[in-house]
Amino acid sequence: MTSRITAKLDRWASRPVSVLGVSATRALLGFVGLMYYVSQYSDRRYLFGPEGLLPREEFLDQLAQTGTFSLYAWSSSTVWFELVFHTGALTALAVMLGIGGRVGLALNWVFLWSIYQRQIVIIDGGENLAYVVIPLLMLTRCYDRFSFSTGTARRLAQRVPGSVKALTTPLHNLGVVAVATQICLVYVVSGLYKVQGRSWQDGTALFYVLRVPEFTWPGVSELVYGNDLLVYLGTYATVLFLVYFPLGILVPALRPWAAVTSIGFHLSIALLMGLTSFALTMVACDLIFLSKGLDQALRAARRTYARWSKRPAEAASLIGAGPKPPSAAALPTRRQEEESPT
């Protein structure tokens, strides 16, 4: 029994898991961060600037009370604000494109933390998960796919001792397990918290949630909370899904279906409630459970592209293989035509 467990641990530590999945997670988290900067760009000085909505003195008091930090608190200069804001946007873009490696990922975390702390009234909850997941991604090989390699990491890796390189796969797998565990905890805690609420118990919670002005999609939300059956089904299905999601992840055959259901669940939250950043952050983390499916989809896309790209070449070759026009030497001269008996 002990030898069997040891053999399984050895196999687990020698083969990286969900490389494609964590790479997709990193890319989508970078996109979420970039969209946050882009969506607030025109109002950046009003929301985050030194003379913005939250006075600098109150902002500093807020940081002192929570014991945290923000790069926006280092100076009251507008130039410093613009530098930090635009550098943060560029680091998010670099993470999305897969440039900068773990250093870029760490910098992105610092800049995101700073801007979220600068204006906490407009965040929607996705930042809490990003705070935890991004450092965990630094353990993984999340830059192996969906990235632009500059060759720097490869050159640095050649100088790393072999004993250190041997730790990369176990650390990667540990990071994947840590992210998966964090996601399962989010679901279970959220589900158990909802179970204690009376409106979730009697199946009416969705009715009250969709009537909150901040969480309403005009013209669509009314169709949902105006239908008793949809309200009951949506409320109870949400609780059941959140509580039993970890069981679906533990069963390999159910894992892709649980992840796809979670993605659909959070996309509906993004549409109906407008919590886009939170929903996309959750979707990004769900992608680690779909690594195999993503790999199969990419392979199918490559095969389809290769098949369609060959068709013009095959058509050109068929045209070229047809009867060739006669050469100038083979054409009869005018005199030969006149002397011809026909």
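The structure described here is a predicted model, in which local features need pLDDT of at least 70 and side-chain atom pairs count only at pLDDT 80 or more, while totals for chains, interfaces and linings use all residues. Residues are numbered from 1 along each chain as its sequence is written, and side-chain values use heavy atoms, with hydrogens and water left out.

The chain contains 18 helices and zero strands; helices (H or I, at least four residues) and strands (E, at least two) are DSSP runs, numbered from the N terminus. Of its 342 residues, 37% count as buried, where buried means under 20% relative accessible area, exposed over 50%, and partly exposed in between (1.4 Å probe, protein chains only). A contact is defined by heavy atoms within 4.5 Å. Among contacts between residues at least 6 apart in sequence, 77% join residues at least 24 apart.

Two packed helices are described by the angle between their axes and the distance between the axes. Axes are lines fitted to C-alpha atoms, for helices over the stretch in contact, and the angles run from 0 to 180 degrees between N-to-C directions. The axes of helix 15 (residues 255–273) and helix 16 (residues 276–286) come within 8 Å and cross at roughly 170°. Helix 15 and helix 16 are therefore roughly antiparallel to each other. On the side of helix 15, the contact involves Ala259, Ser262, Ile263, His266, Leu267, Ile269 and Ala270, which meet Thr276, Phe278, Ala279, Met282, Val283 and Asp286 of helix 16. By class, nine of the residues in the contact of helix 15 with helix 16 are nonpolar, three are polar and one is charged. In this classification, Ala, Val, Leu, Ile, Met, Phe, Trp, Tyr, Cys and Pro count as nonpolar, Asp, Glu, Lys and Arg as charged, and the others, Gly among them, as polar.

Helix 16 also packs with helix 2 (residues 19–39), the two axes coming within 8 Å and crossing at roughly 170°. This angle makes helix 2 roughly antiparallel to helix 16. Helix 2 contributes Thr25, Leu28, Leu29, Phe31 and Val32 to the contact, and helix 16 contributes Ser277, Leu280, Thr281, Val283, Ala284 and Cys285. The contact of helix 2 with helix 16 comprises eight nonpolar, three polar and no charged residues.

A pair of aromatic rings is described by the distance of the centres and the angle of the planes. Rings of Phe, Tyr and Trp (its six-membered ring) pair if their centres lie within 6.5 Å; planes under 30 degrees apart count as stacked, over 60 as edge-to-face and the rest as tilted. The structure holds 19 such aromatic pairs. One of them joins Phe81 and Phe85 in a tilted arrangement, with 6.0 Å centre to centre and 40° between the planes. Phe81 and Phe85 are four residues apart in helix 5 (residues 78–97) and so are separated by about one helical turn. Both Phe81 and Phe85 are buried. Phe207 and Tyr225 form an edge-to-face pair, at 5.8 Å centre to centre and 90° between the planes. Because Phe207 lies in helix 12 (residues 205–209) and Tyr225 in helix 13 (residues 221–225), this pair ties together parts that are 18 residues apart in sequence. Phe207 counts as partly exposed at 28% relative accessibility, whereas Tyr225 counts as buried at 17%.

One aromatic cluster includes Tyr36, Tyr37, Tyr41, Phe69, Tyr72, Phe81, Phe85 and Trp109. Tyr41 also has Arg44 lying over its face, at 4.1 Å from the ring centre; a charge sits over a ring if NZ of Lys or CZ of Arg is within 6 Å of the ring centre and within 35 degrees of the ring normal. The charged end of Arg26 sits over the ring of Tyr143, 4.7 Å from its centre. Phe69 and Tyr72 are among the residues touched by Ser114, together with Ser70 and Leu71, not counting residues up to four places away in sequence. Ser114 is located in helix 6 (residues 101–118) and, at 0% relative accessibility, counts as buried.

Most residues other than glycine have a negative phi. Ser18, in the loop between helix 1 (2–14) and helix 2, has a positive phi near 55°. Ser18 is buried, with a relative accessible area of 15%. Phe146 has a positive phi near 50° and lies in the loop between helix 7 (126–137) and helix 8 (152–158). Phe146 is partly exposed, with a relative accessible area of 39%.

Key
Parallel < 35°, antiparallel > 145°, perpendicular 65-115°, else oblique.
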